[in-house]
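Thanks for coming. I will walk through one chain today, starting with the whole and then moving to single residues. Please have the sequence and the model open.

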Amino acid sequence: MMKAVQSSSTPYLQFSRKQWAALRNTVPLTLTESEIVKLKGINEDLSLKEVAEIYLPLSRLLNFYISANIRRQAALEQFLGTDGQRIPYIIGIGGSVAVGKSTTARVLQELLSRWPEHRTAELVTTDGFLHPNQVLKEWDLMKKKGFPESYDIRSLINFLSKVKSGMPRVTAPVYSHLIYDVVPSEKKVISQPDILILEGLNVLQIGSDYNRGPHHVFVSDFVDFSIYVDAPEALLKRWYVNRFLRFRQGAFSNPDSYFHHYAKLSEEEAVAIASQLWSEINGRNLQQNILPTRERASLILGKSANHAVEGVQLRK
C-alpha cells in the first residue's frame with residue numbers, strides 16, 4: 001500500500017488518484033452503469049471507474065466514521081443509563097456552482113445505503129433555505145442569489161438543530177430549479193435517518209460570512225464530516241457555460257421555466273450571457289464566499305477535466 005504524502009505545513013494527508021483508489025480494498029461495486037447514468041448531473045461524465053476509484057473508498061471511510069460515531073453514542077447512553085434517540089450522522093458537501101456537488105451527494109447517498117448495515121440515507125440541499133424570490137426582490141438581492149445574505153440561515157440552523165436533537169419528524173423546504181424559487185406548498189420530511197447528506201454552497205460558511213443578522217451557531221457545528229468539491233475556476237466557468245447551453249436546449253424550453261426567455265438565444269448569445277452571469281455572480285461568489293471555506297473541510301476532492309477527481313486531501 002502506498003503512503004499518503006504528509007507535510008508539516010498542512011493539516012491534510014494528500015493522496016494521488018492511484019493511492020486513493022487502492023483504499024477501496026475489496027469493497028464490491030454495487031451500482032450499475034444504468035444507475036450511474038441516472039445519478040450524474042446534466043453536464044458531467046461519471047463512469048463506473050470514477051465511482052470505483054473515488055467514491056467507493058470514500059464511502060468505506062465514511063462507513064468507518066459512522067460506525068465509530070454509533071459506538072460513541074452507545075458509550076454515552078451506557079454512561080448516562082439511558083436509551084438514546086437515533087441521531088443522524090450529518091455529511092456536508094460544499095463547493096462552487098457547476099462543480100458537481102449534487103452528483104457527489106447522490107452517489108454517496110446510494111453507496112452508503114448499500115453497505116451491509118443497510119443504513120438509511122437522506123439528502124437535503126440548502127437551496128431550500130434560500131429566501132423566497134419575493135423577499136430577495138424586496139432586499140435587492142436577486143443578483144446575489146447563493147451569496148450568504150440570500151439564505152434564511154436561522155431556519156437552516158433550526159432545521160439542523162432539530163435533526164441533531166433526534167426529533168422523529170423534521171421538515172425541510174424544497175427548492176425548484178424550474179421556477180427558480182422555493183416551493184411554498186412542498187416540504188421534505190426527514191424521519192430520523194441514519195445519515196443525512198446536506199449539500200450546498202454554504203455548508204462550510206460561518207457567522208462572519210453573514211452580514212445580515214450575523215449568528216453564533218454555524219452549519220458546520222452540526223456536520224460530522226464535510227467534503228469540499230474543488231476545481232480550478234477556469235474549469236468551473238467552462239462547466240457552467242456548457243451546462244447553461246444544455247439547459248437552453250432542455251429545461252429552458254419548458255414554458256414554466258423561470259429562464260424560458262433564454263431558450264431562443266443563439267449559441268453565441270447563450271455563451272455570452274452565461275459568461276456574464278459567471279463573471280458578475282457565480283465567479284464573484286466563488287472568490288468571496290465559497291473558496292475561502294475550502295480549508296474548513298474534512299476532505300477535499302480535487303477535480304480536473306471531465307469532472308474526474310485527480311487528488312484527495314484528508315484532514316489528519
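The model is predicted, so local features need pLDDT of at least 70 and side-chain atom pairs count only at pLDDT 80 or more, while totals for chains, interfaces and linings use all residues. Residues are numbered from 1 along each chain as its sequence is written, and side-chain values use heavy atoms, with hydrogens and water left out.

Now the overall build. The chain has 8 helices and 9 strands; these are DSSP runs, helices being H or I of at least four residues and strands E of at least two, numbered from the N terminus. Its radius of gyration is 20 Å, close to the 20 Å that the globule rule gives for 316 residues, so the chain is as compact as a globular protein of that length. That radius is taken over C-alpha atoms, and the rule is 2.2 Å times the number of residues to the power 0.38. Along the principal axes, the C-alpha atoms fill a box of roughly 60 × 40 × 40 Å.

Of the 316 residues, 51% count as buried. Buried means under 20% relative accessible area, exposed means over 50%, and partly exposed is in between, with a 1.4 Å probe and protein chains only. Contact means heavy atoms within 4.5 Å. Among contacts between residues at least 6 apart in sequence, 72% join residues at least 24 apart.

Next, an annotated stretch. Under "binding site", an unreviewed UniProt entry lists Gly 95, Ser 96, Val 97, Ala 98, Val 99, Gly 100, Lys 101 and Ser 102. UniProt positions are given in the numbering used here, feature names are shortened, and annotations may be inferred rather than shown by experiment.

Take two of the listed residues. Is Val 97 buried or exposed? Val 97 counts as buried, at 14% relative accessibility. It sits in the loop between β2 (89–95) and α4 (101–113). Leaving aside neighbours within four places in sequence, Val 97 is in contact with Leu 201, Leu 236, Tyr 240, Arg 243, Trp 278 and Asn 282. Ser 102 belongs to helix α4 and is partly exposed, at 30%.

Lys 49, in helix α3 (residues 48–80), is exposed at 52%. Asn 158 is in helix α6 (residues 153–164). From Asn 158 to Val 219 is 61 residues in sequence and 9.8 Å from C-alpha to C-alpha.

Last, backbone angles. Which value does phi of Asp 140 take? Phi of Asp 140 is near 55°, a positive value in a residue other than glycine. Asp 140 is in the loop between α5 (133–138) and α6 and counts as exposed, at 68%. His 307 also has a positive phi, near 65°. His 307 lies in the loop between β8 (299–303) and β9 (309–315) and counts as buried, at 5%.
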